[in-house]
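Please keep the structure in view while reading.

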Amino acid sequence: MFQFLQLFFTGLTIGSSYALAALGFSIIYNASGVINFAQGEFIMLGGMIAAFLSLAGVPLPVAVIAAVVLVGLVGLLVEKLAIEPAGKTDATGIVIVTIGVSMILRGLVEVTLDKKNHALPAFSGTTPISVLGATILPQSLWVMATTAVVVIALAVFFGRTRWGKGMLATAHNRIAAQLVGIDTKRVLLASFGLSAALGATGGILLAPIATTSYDVGIMLGLKGVVAATLGGLGSGVGAVAGGVLLGLVEAFTAGYVSSAYKDAVPFVLVLVILVVRPRGLFGLGPATRV
Amino acid sequence: MTSLSFPNLLEPRSPMRFVPLAILVAVLATLPFVLPNVWYFDVAIRIAANITVVIALNLLIGHCGQISLGHAGFFGLGAYGSAILTSLYAWPPMLALAATAIVVGLLAWLVAVAILRLQGHYLAMATLGLGIIVSIVLTNESAFTGGPDGMSVPDFAVFGLRIAGEKAWYWVFAGLVVAAVVFATNIVESPAGRALRALHGSEIAARVVGIDTASFKTRVFALSAVVAAVMGSLSAHYMGFITPGVAGFSKSVELVTMVVVGGLASVWGSVFGAALLTLLPDVLAHLEGWETLAFGMILVATMIFLPRGIVPSLVAFFTKKEG
Amino acid sequence: MKTSLAGLALALALTTTGSATLAADGPIRIGTVLSVTGPLAYLGDPAAKTLDLWVDRLNAAGGVLGRKLELVSYDDVGEASKANGLVKRLIDNDHVDVVIGSHSTGATMAMVPVVENAHMPLISPAGGAIIIDPVKKWVFKTPPTDRMAAERVYGHMKAKGITKVALLCETSGFGQSARKEAQAVAAGFGVSIVADEAFAPKDTDMVAQLTKIRDAAPQAVFVLGTNPAAAIVTKNYRQVGLTQPLYQAHSVTSQEYVDLAGAAAEGVVAPALPVVVFDDLPSSDPQYPRLADYVGAYRAKFGQDPAAYGASALDALLLYVDAVGRAGTTDRTAVRDALEKTSGFVTTASMVSLSATDHLGLKADTFRMIEVRGGKWHLAP
């Protein structure tokens, strides 16, 4: 029983970080219909910038906030300098642009910061908390709590605010949104800023547990995109559910089946779910292209 | 005068369409006499292998509008199929290659039936998953594959004739490039090909005029997988040693990048896209640590300034200027 | 046509160093294929720095046989297929006299058929025993094998009366090869393996595997992996409340591991090359003079401690220079023969003697047992 609980905590922690990554994908997918392959690099940037600021003696809370803001700005820059100018290419072309951007961001960090692994100090110590015989790190609670707060904040943003509703409207029907006076260009810009900041938050939260380096973005990005697909691209609920599901499945596979094949399970899951439910668990998505 | 200009040569219906093919054959036939050393042959072979895979992949992405992020998986299956059958079970290389290609073709066909009804990004995700599963299996089943450290592959031989050395292999790969170009051009120009292009434009429209879209997509998917597997087999024999990296996600992305940068639905785009992006790391090799950054910037710049890919964008540019 | 010509021109433009004339009194060209970027950058980076440093020093001292040394360096990004192409470039286009590289066993093995064919000496700083066992005519290797590491660790366990061990191995090339060796030699030390778990190099949480290991109740746990995963294992180890001795492999014996794992690293034991604990070595140690020279120069130039992987690359260069000195020429066949006759040569790792049947020349005691005390690696008592 306590092994089950232990695996559950592990899965929930990893799953929360996948959920944050998946939310980032979903926001940009909603605004542009594009899978942003640079999302993983936003996660990496958050962790790396925070780690370097902290190494340079900046107090942890300041380093964390500065990193989130900086990466948010990077997101805006990416949209302005790469995505928007490439407006003439088609969806596949934009995917290639995001792949190019991910290489630029990774390359920049590699050249300007370093190629080593870094661990950020844990936010509130490393003494494990014991729950019914299983243990959980305070940092894991930070990850879960922050994810929960972010999810609620996003729900309020998209459900209650004018900006959020505008972004959702754009996702459903771009031309109609333009007709009712929504500036869809600025929606796209905002979605990149928001996704980048979200990604950075995930990267920072995870850095004390998982460590960070210039190349962690690739794997985290992949897991995020799988989580988003599982849940249904573009669905916020789906992203969170997909992320948590992915984390739990990984943890239980490692614990009960085979740790060598743990990484294959999410991808098998994606294949199965897509065959059974082609739009993911919660996806509504646009109808067939005509 | 315009009939001799560059763009018309590339238009599928132009009477001058055989000129580029003739140039390609001429270039491929001359190269061995001008390449200064064996390493250049190696570069040429790697380019040729990529061109062949990318031409077939472009039929899928460009003409069917079906992005595959797992094609390196098929390449890897071909490479390891040949490696395992020839080295562990002493099969003749040609038989191993054929058997592997047939199995991969069947697998791809089965997968296609299951997943090709998915739309757009969901299909991309499904193929991505497939490719990664292949690479994880290759990495973990070390009793057969040697694990992440890889395995060696015996020399290739057909009917007792052993192919070894860059100069011999060059002719094999160059021949395959020409075959792929001819084959793809014919497909593109056949009624089936026009149907394929219709698919990229609008699937429903194609269905309305009586084209069995699902059957087309399935066959093209299987075909592109078989081509990737065959090139995987040959590359494995050529290199003499393979690691699971050949089946990795980044290799799949590389292949798609070649298709898009060269130009969707353009056979010649595939030739140039694959050639340029294969050469790029070698050109950048002296940049010491700046390669990733430079490669990324070139990718982004290409898509901004040549949004339809190199060949179609240039063709459009010249046509407009001269028309 | 224009475009094809441009392509051809581009292809020819690749010759950046290739057409250099090869006078006998020109520089001795040392080709390197190292993983300077990519997932193995932690290996390639210190190695590249070390070789730069040492070639400069040798040149400042007049070079070898009165000729300067020149490095021709390429980055394989940790990909074996890249290494296969780059070694061809080094041999055919850059006309190097020797090849040093690469750090992964896979990349080295991808170069082996090429150098064997071209009769080019290759000295590898990679770990896998497969590189020199069976012996390949043109291939040599500098660091001790994973099998030797396992033997040292089991020896240490045996002395402490430990017989029930759990293995926790990475699915990387290193982890899989080391796991095979660790399983193979266990019985010889009276060690039985009571649990055998795995993790992927990019995994961020190994609590699940460690929970299973805890249930198997081993007397010690032996982790075979690389950073950062091995450091995460260390943190998780304390988190799930495991208190048995924790052994790590030689692959994590750098300050980076201790920094990543923090307080959780205290008391961790591992086999390591002497360079890692240079500050603890008495000046009577056989490796001391060689290491004092290297560590001093490295610290002076880069302001940090050299890593074990850097020392292995240096040993490759030292072996080559020694062989060239004895051969009196850079003729590849003569140098290869001289390499094989290396006898009692002191490297940063050990005293090395090579032969036609041994292209490594090291024993398990090359590894020193070390442990983390007060946030630093020290010789284990």
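Which domains does the domain assignment of chain C give? In this predicted model, the assignment gives domain 1 (17–144 + 292–363) and domain 2 (146–272), and the centres of domain 1 of chain C and domain 2 of chain C, taken over C-alpha atoms, are separated by 30 Å. Nine residues from domain 1 of chain C and seven residues from domain 2 of chain C take part in their contact.

The two interfaces can be set out together.

| Interface | Buried area | Share on carbon and sulfur atoms |
|---|---|---|
| Chain A and chain C | about 2500 Å² | 53% |
| Domain 1 of chain C and domain 2 of chain C | about 670 Å² | 55% |

Within domain 1 of chain C, the residues that lose the most area to domain 2 of chain C are C:Tyr42, C:Pro144 and C:Tyr309, which together account for 52% of what that side buries. Between these domains the count of salt bridges is zero, while one residue pair is found in polar contact, both at pLDDT 80 or more.

Turning to the chains, the contact takes 32 residues from chain A and 30 residues from chain C; in chain A, the most area is lost to chain C by A:Lys115, A:Asn117 and A:Ser259, together 20% of what that side buries. One salt bridge is found across this interface, and A:Lys262 forms a salt bridge with C:Asp203, with 2.8 Å between the closest N and O atoms. Helix 1 of chain A gives the most to the side of chain A that touches chain C, with six residues, and that side has, by class, 17 nonpolar, nine polar and six charged residues.

Key. Residues numbered from 1 in each chain as written. Chains lettered and ligands numbered in written order. Predicted model: local features only at pLDDT ≥ 70, side-chain atom pairs only at ≥ 80, totals over all residues. Heavy atoms only, no water. Contact = heavy atoms within 4.5 Å. Buried area = accessible area lost by both parts, 1.4 Å probe. Salt bridge = Lys/Arg side-chain N within 4 Å of Asp/Glu carboxyl O. Helix = DSSP H or I, 4+ residues; strand = E, 2+ residues; numbered from the N terminus. Nonpolar A, V, L, I, M, F, W, Y, C, P; charged D, E, K, R; others polar. Domains from an automatic or database assignment. Polar contact = N/O pair within 3.5 Å; in protein donor to acceptor, adjacent residues only side chain to side chain.
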